[in-house]
Every structure is written in structure tokens, then in C-alpha cells.
Amino acid sequence: MRALGRTRRQLVEGRSSDPYYLRVSPIWVAIVALVVGLGIGVLLAWAALRTRREEPSPTFDVAEPVVPAGVAEVLSVLPSSGVVVGPHDEVLEATATARTLGLVRGSRIAVPELLQLVRSVRRGGDGRMVDLQINRGVRVASTYLTARVAPLDESLILILADDQTAARRIDETRRDFVANISHELKTPIGAISLLAEAVEDAADDPDAVRKFASRMGIESARLADLVSQIIELSRLQADDPLVHPEVVDIDEVLSDAVDRRRMDAERKRITLTVAGIAGTRVLGSARQLGVAVGNLVENAMVYSDPGARVVVAAHVQARSDDDYVEITVSDNGIGIPAVELDRIFERFYRVDYARSRANGGTGLGLAIVKHIAAIHGGDVSVWSQVGQGSTFTLKIPAHLHDVAPAVPEQATSTDRQPDQPTHERQEINQ
């Protein structure tokens with residue numbers, strides 16, 4: 001035993017004195033410890049993952065908001081734009097018009113004021129109404145809406161919005177019209193009042209009385225024309241010529257318009273000519289079309305110098321949707337500046353105010369022409385150059401396919417076939 005202990009002691013002392021042993025032993029100890037630690041860590045992680053897998057994860061049963069049955073169908077037939085908003089301000093249902101008007105973008109309300117109103121209604125529970133103005137850009141006209149917001153159930157909010165843009169524009173147009181007509185009426189009325197006082201003061205001067213009386217007659221005629229055209233414009237706005245239309249013979253319309261202006265043409269030494277294709281017909285109102293053509297002829301005469309020529313003509317232009325009758329009124333008068341062409345159809349607008357006033361113009365003639373063209377489904381345009389004259393084109397759809405049986409009867413009574421036009425020209429030289 002003593003020998004064995006002595007041998008072990010010698011071995012230990014011999015290793016301890018070995019430099020290699022002293023250098024390697026701590027490293028191996030660290031490596032062994034690291035491996036053991038990693039093994040223990042892997043075992044612990046595996047045990048934890050296994051424990052988590054075995055434990056059932058908690059589930060939350062959250063019911064998705066559902067739009068009640070039939071709401072989408074009802075919104076699709078309403079004239080208002082409809083939106084159904086969920087409990088988290090998400091859009092669950094929206095009509096096409098709501099997206100077109102810009103109320104909804106994607107799954108969210110795009111108008112901040114409307115979103116605030118939705119949240120307010122959700123908190124309070126009472127329905128509310130608000131007027132909104134949506135601006136889509138600098139060059140785009142604003143859209144005016146009246147929105148009603150009310151709870152649909154405990155979690156859903158219903159929005160109904162009506163587009164009031166057209167009504168707003170009508171109101172603005174009406175206000176402008178009233179302001180303009182008030183100004184236009186004050187001028188002749190004030191002139192008549194002043195002339196009456198002048199006549200009274202010049203009672204002992206027959207020449208002055210005759211002069212003032214003559215001027216009173218001119219202002220009275222101007223006032224009568226203005227009132228007459230206001231009444232005509234009001235009547236046109238309440239009359240739709242295509243509700244109970246008649247087959248209109250354009251030849252008669254042109255002849256009547258020229259005949260009514262014959263005396264004025266003689267006085268101004270202006271030549272009136274009727275040309276173009278004969279036998280054209282449209283569906284509409286003969287009286288209204290006669291007013292439109294007459295206003296164009298009168299306008300051409302006002303802005304033409306003595307010795308000028310005014311030509312009224314009718315032509316047919318075939319298109320895929322319908323045949324169009326084009327009535328042109330051309331003159332070789334003073335013409336219209338290019339900067340004025342976009343405004344000449346506005347009410348009470350005059351290119352040459354002094355010339356229009358001297359000839360008794362009211363500024364409503366071309367506005368009436370534009371309105372008559374529009375309610376007949378057509379339009380009116382103008383070409384003009386200063387010093388060369390102007391050409392106004394009134395384009396009206398025929399619509400004769402809607403009354404096919406009536407056309408042969410009228411053609412038989414007049415003994416003229418529309419499909420065989422004759423180039424009749426009637427010239428009135430004064």
C-alpha cells in the first residue's frame with residue numbers, strides 16, 4: 001500500500017512538473033464545461049417547447065361584422081349614395097355613386113368631416129345631418145352634399161348622401177339672373193323717368209318735347225323687348241318640346257324668321273337669303289325653333305353694316321345615332337373677337353355694348369338660342385373672324401325615327417319627298 005501511494009504521488013508530482021500538462025488541463029476543463037452547458041441548455045429548450053405544444057393555446061371568438069340582409073339591395077335602388085360603416089370605421093358596403101363622389105376610398109371614409117360625424121353618432125346614438133363641400137382640385141368644381149348619418153344597429157352606421165351640386169348651381173344662376181335683370185331693368189326705367197321730367201320742364205319748347213318724347217319711345221320699346229324676352233326665357237325653362245313633339249318643317253321656320261325681319265332689313269339695306277336643302281324636318285317645337293332662328297337673324301343684322309348680306313341655310317348631316325339638321329346663319333359683318341367667343345351665349349353679355357344698346361339689344365337673344373338648342377337635344381356653335389363676319393350653326397337631331405308613320409303623311413300633303421332634296425333659294429333684296 002505504501003508503495004502504491006508513493007507511486008501515485010510520484011505520478012502526480014511528475015505531471016505537475018510537466019509544462020505541457022500545466023498548459024492543457026484548464027482548456028480541456030473549459031471545453032468540457034461548455035459542452036455540458038450547451039447540452040443542458042438544449043435539453044431545457046426542448047422541454048420548454050414540448051410543454052408549450054402540449055398546452056392548448058387560448059382562442060378568441062370575435063364575430064366579424066355582417067351587413068344585414070337586404071341592405072345592399074335597398075341601397076342600390078335609392079337615389080342617395082349609401083355607405084355602411086363597421087364598428088372600427090371600416091366600410092362594409094358602399095354604392096358606386098358613393099365612390100364616384102369621393103366619399104369612400106378603399107375601405108375607409110375619405111371625408112374627414114363625415115368620419116367625425118360617424119364617430120359622433122356612434123357615441124351618441126342619435127342620427128345627424130350635415131352639409132359638406134368636397135374640393136377635388138384647383139381646376140375642378142366643388143361638390144356639395146347633404147349627408148344623413150344614423151345608427152343601423154348596435155355596431156353599424158348608415159350614411160346616406162345626396163348630391164346638391166346641381167341645385168346649388170341653379171340657385172347661383174338664379175341669383176345672378178335676378179341681379180342682372182334688376183340692373184337691366186333699371187336702365188330703361190330710369191331713362192324714361194328722367195325723360196318724363198325733361199318733357200315736363202320743356203313744356204314750352206315743342207322741339208324739345210318732340211325730341212324727348214321720341215327718346216321715351218325708344219326706351220319704352222327697349223323695356224318692352226326686355227320684358228318680352230324674360231317672359232320667353234321663363235316659358236322655355238318650363239316647356240319641354242320633346243314631351244309632346246310635332247314634326248317641324250324647317251323650310252317654314254326659315255321663311256317665317258326671314259319674313260319677320262324683312263322691314264328691319266329694308267331699313268338697314270341688308271340682303272336676306274334663304275338657301276340650303278329644302279324639305280328638311282325635325283321633331284320638336286316649331287315656335288321655339290322659329291324664335292331661335294329669328295334671334296340669330298336679328299343678331300346678324302345688328303352686327304352688320306348697311307349693304308351687308310345675311311344667308312340662312314339648312315343642311316342635313318347623317319350620323320350613326322341620328323340625322324342632324326344644321327341651320328346656319330352667316331353674315332359678312334364686323335365679326336367677333338376670338339377672346340369673346342366663349343362668352344357670347346351668356347345671359348346679358350354683349351360684345352359691343354354701345355352698338356347693342358343703340359339697336360335695342362337686350363343680351364338675351366343668344367342665351368335663348370342656346371337654351372332652345374339644348375332642350376331639343378342639340379347645340380349651337382359659332383365661327384367668326386373680325387372684319388370677315390360670323391356663322392352661327394344651330395344643330396338639331398331629327399328624331400324622325402320616333403314618329404315614322406307621321407313622316408309619309410306630311411310628305412304626301414306637301415308633295416315633297418325628304419329623300420329628294422331640291423336646292424331652292426329664296427333671295428330677298430332690299
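Author: Partly exposed means a relative accessible area between the buried limit of under 20% and the exposed limit of over 50%. Happy to take questions on this predicted model.

Reader: Why is Arg262 called partly exposed?

Author: Arg262 has a relative accessible area of 32%.

Reader: What makes the contact of Arg262 and Asp259 a salt bridge?

Author: Their side chains meet at 2.5 Å, N to O, and the rule asks for a Lys or Arg nitrogen within 4 Å of an Asp or Glu carboxyl oxygen, so the pair qualifies. Asp259 is partly exposed too, at 37% relative accessibility.

Reader: How do you know that Glu219 is buried?

Author: Its relative accessible area is 2%, and buried means under 20%, so Glu219 belongs there. Glu219 forms a salt bridge with Arg215 (3.0 Å, N to O), while Arg215, at 35%, counts as partly exposed. Both residues lie in helix H7 (residues 206-237), 4 residues apart, about one turn of the helix.

Reader: What makes Asp89 and Arg122 a salt bridge?

Author: The distance is 2.9 Å, N to O, and the limit is within 4 Å, so the pair counts. This bridge links distant parts of the chain: Asp89 sits in the loop between strands S1 (81-85) and S2 (91-94), and Arg122 in helix H5 (residues 112-124), 33 residues apart. Asp89 is buried at 11%, whereas Arg122 is partly exposed at 28%. Together with Arg119, Asp89 and Arg122 are linked in a network of salt bridges.

Reader: How many salt bridges does the rule give?

Author: The count comes to 11.

Notes: Residues numbered from 1 in each chain as written. Predicted model: local features only at pLDDT ≥ 70, side-chain atom pairs only at ≥ 80, totals over all residues. Heavy atoms only, no water. Helix = DSSP H or I, 4+ residues; strand = E, 2+ residues; numbered from the N terminus. Buried < 20%, exposed > 50% of the residue type's maximum accessible area, 1.4 Å probe, protein only.
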